[in-house]
Every structure is written in C-alpha cells, then in structure tokens.
Amino acid sequence: MGGNLFKLGRISKAEYLKIEAKVSKYLDKKIGTNNYVIPRYYSDKEDFGDLDILINSSEIEDWQQLKLDIVADLNIQQHKSVGNVFSTVYDNFQVDYFTKSDTYFNSSYSFLCFNDVGNFIGRMVRRFNLKYGEKGLLYVYRRTNQDNYSKDIPITLDFEKIFTFLGLDYKVWEIGFASREVLFDWIIESPYFSTAPYLEENKAIQKRKQRTTVIAFIDYLKSNKIEKKPEFLERDDYLNTIHNYFPEANLLSEIEKEQKRKAYIEVIRNKYNGRIIMALFPELNGKELGSFMTQFQTKFENHETLIYESSSEEVVNLLITFKKEYDNRRS
C-alpha cells in the first residue's frame, strides 16, 4: 500500500521472504490460513518496500481487537491506521494489513497482484467507460447534463472474463510472471492497448508516470521501439459490445433505470432548487441555504415524491409555510 510511510527504505528479496514467512506463520495460527492472502509479485523482483496483507473482514469478529493483538503479539512499536489500512513496522520493515469483506475479498486480491497491472488495465478500460479495481469491472454511467452525476454499475467480479474481454491470456496471469518484462509483454498483447498515454505528454497521467513500474514500462516501450495506436470508436459506441459480453450485468436495463431517474430528478429540480428558494427568500445563501434545504427535505417522509407529485405553486406554498417554522425556531 505504498512502502514509504515510515521512511524505512527497501529490502532484498531474501530479507523480505523471511519477514513474510514469520508474519504468515503468526497469521496462520491467529486467524487461519484461508482468511488472509498476500498479493503475488513477478518472480525476479529483487527488492521490496513493504509487505501487503489482505484480510477477509467477514471472517474476523473484531478488527479493532485484532489490531491490538498484532501490536502486542508482534511487539509493534510503530503503527498507524487510516481507514481500513493498518500500517505497522515489524523487523524494521513496513507491513500493511488491510481488510475487505467476503464480497470483494477475492476481487481485491486479484486486482492487487503484480504491482501496477491494475494501473495499466485501468487505463485501457477507460476507453469503454469502464472502471477496473478491487470491485472488479464496473461501468461508469454519467448523466449528459452538467450536474457531474456519475454512478458505478457492477459488470463482473470474474477476472478471467475481464481479461478475455480485453484479449489478455488469463492462463498466463494465473501462472504468474517470471519478470516485469514478461508482464509488460502480456499487457502490450491486448488489442486495446495503446502506447499514446505513456509516450505522449499528458498532464492527466503525469502522477502515474512517476510510479517506479510505470517509469520502467515507458523505458521498455521506448527501448524496444514499441508503438501501438489502435483506432477506437467513441466510448458510448461500445455499450452494446459490453452488454453482449456480460449479459448477466443487465447493463442496458440498469442504464435505462438511471435515465428514468434522471428525468424524474429533472422534474423535481424544475420545481425545487436553490435559485427558486433564494428568489423567495433572498436572505438565504451559502451554508444557511444548505441548512434550510436539508431541514425542509427531512421534514417529509419522502420529499422527492412529494415535490414530483405537487405543482410548482404547491411547492412554493410548502416552502413559504416551512420558512415561517424555520424562522420561529431560530428566533
């Protein structure tokens, strides 16, 4: 999870394997062999910055207590918790424990294997309005208006199917990669891989280019004079292709639901929005406007249905009535 938190530096593979063995032996006894995994890495990796351990939180009764036990049992002197990540220093080396529920335990493991594979595949699938990560493959639905609304629609947790869709050999991934270069060749084989994001200047991915593996990948492309720029359709043109390949996701139906929801919300917004409220009550703005709207909405069991089924005049009357209540509470 980023082995530079405690500024400890990197260690050799031999040293890493000793630490991995000791921590694994402890966890085997503490929580059971099947309740944690360590992401795979390519075989000739020479040094390591940290040890990542993924724990199945669905099989752990008390994660907070387990963290306390790890600190005590392994004599941890330095540690830090951020969200679901618990970072420790063990044998002067960073060991990160992070949790996922049973639903996403296997998909998180698959995503985290082999370092920056996730970055490379994530870049490819964006061409299809898809997202690749610990929750497998998702379709990113965006509304066409300017409200910045987006929703991730689950497509599949089946990584074999994801890789096959992208023209990547799942059996190779399953066996593992002997070296980083073998991994690079595997990625490049996809008919959807393009060198453009890596060889051309692009401010949007400069941060990714700073990652060690991505830098090595760019050098590999340049030194081997590899250039691939496949012709792509517009992103939305791949919608039927995704639907046909992953029919179990019911993608078109899910998008239709989102489109109906969009139309529903637009009806509501035409009757109820910040501009309408400020026109009625000019003294309301900023945080106070937000507070007023929140209190108005929570007054009703389902404010959306009420507004949708009411006329614009009826909504205005509701707002005026509520404003009197609001002012009385504040006076």
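Buried here means under 20% relative accessible area, exposed over 50%, and partly exposed in between, with a 1.4 Å probe and protein chains only. Helices (H or I, at least four residues) and strands (E, at least two) are DSSP runs, numbered from the N terminus. The model on your screen is predicted, with local features needing pLDDT of at least 70, side-chain atom pairs counting only at pLDDT 80 or more, and totals for chains, interfaces and linings using all residues. Residues are numbered from 1 along each chain as its sequence is written, and side-chain values use heavy atoms, with hydrogens and water left out.

**Stop 1: helix α2**

Select residues 63–73, which make up helix α2, and colour W63, L66, K67, I70 and V71, which are buried. Now look down the axis of α2: the buried residues line one face of the helix, because they fall within an arc of 140° (the arc of the directions from the helix axis to the C-beta atoms). On the face turned away from this buried side you will find the exposed residues L68 and A72. What do the buried residues of α2 pack against? Show α1, β4 (51–56), β5, β6 and β7 (93–100), and you have the answer. Contact means heavy atoms within 4.5 Å.

**Stop 2**

Strands pair if DSSP finds at least two bridges between them; here 4 bridges join β5 (residues 79–82) to β6 (residues 85–90), and the two run antiparallel. Pick S81 and you can follow its bridge to F86 in β6. The hairpin leaves 2 residues between the strands, and G83 in the turn has a positive phi of about 60°.

Stay in strand β6 and click on T88. Is T88 buried or exposed? T88 counts as buried, because its relative accessible area is 0%. Leaving aside residues up to four places away in sequence, T88 touches F6, I76, Q78, H79, F93, Q94, V95, D96 and Y97.

**Stop 2: aromatic rings**

Rings of Phe, Tyr and Trp (its six-membered ring) pair if their centres lie within 6.5 Å; planes under 30 degrees apart count as stacked, over 60 as edge-to-face and the rest as tilted. By this rule there are 38 aromatic pairs. Select Y16 and F48: the ring centres are 3.9 Å apart and the planes are at 5°, so this pair is stacked. Y16 belongs to helix α1 (residues 13–30) and F48 to strand β3 (residues 47–48), so the pair ties together parts that are 32 residues apart in sequence. Both Y16 and F48 are buried.

For a cluster linked by ring pairs, select F111, F114, Y132, F159, F163, Y170, W173, F177 and W186.

**Stop 3: the cores**

A nonpolar core is a set of buried Ala, Val, Leu, Ile, Met, Phe, Trp, Tyr and Cys residues joined through side-chain atoms within 4.5 Å. The largest has 51 residues, of which I121 and F163 touch the most other members. Helix α10 (residues 212–223) gives the most to this core, with 6 residues. Centre on F163, and its contacts, beyond residues up to four places away in sequence, are I121, Y132, L168, Y170, W173 and W186. Apart from this core lies another, of 25 residues, including I11, F48, I53 and V95.

**Last stop: K171**

Finish at K171 in helix α6 (residues 170–175). K171 counts as exposed because its relative accessibility is 60%.
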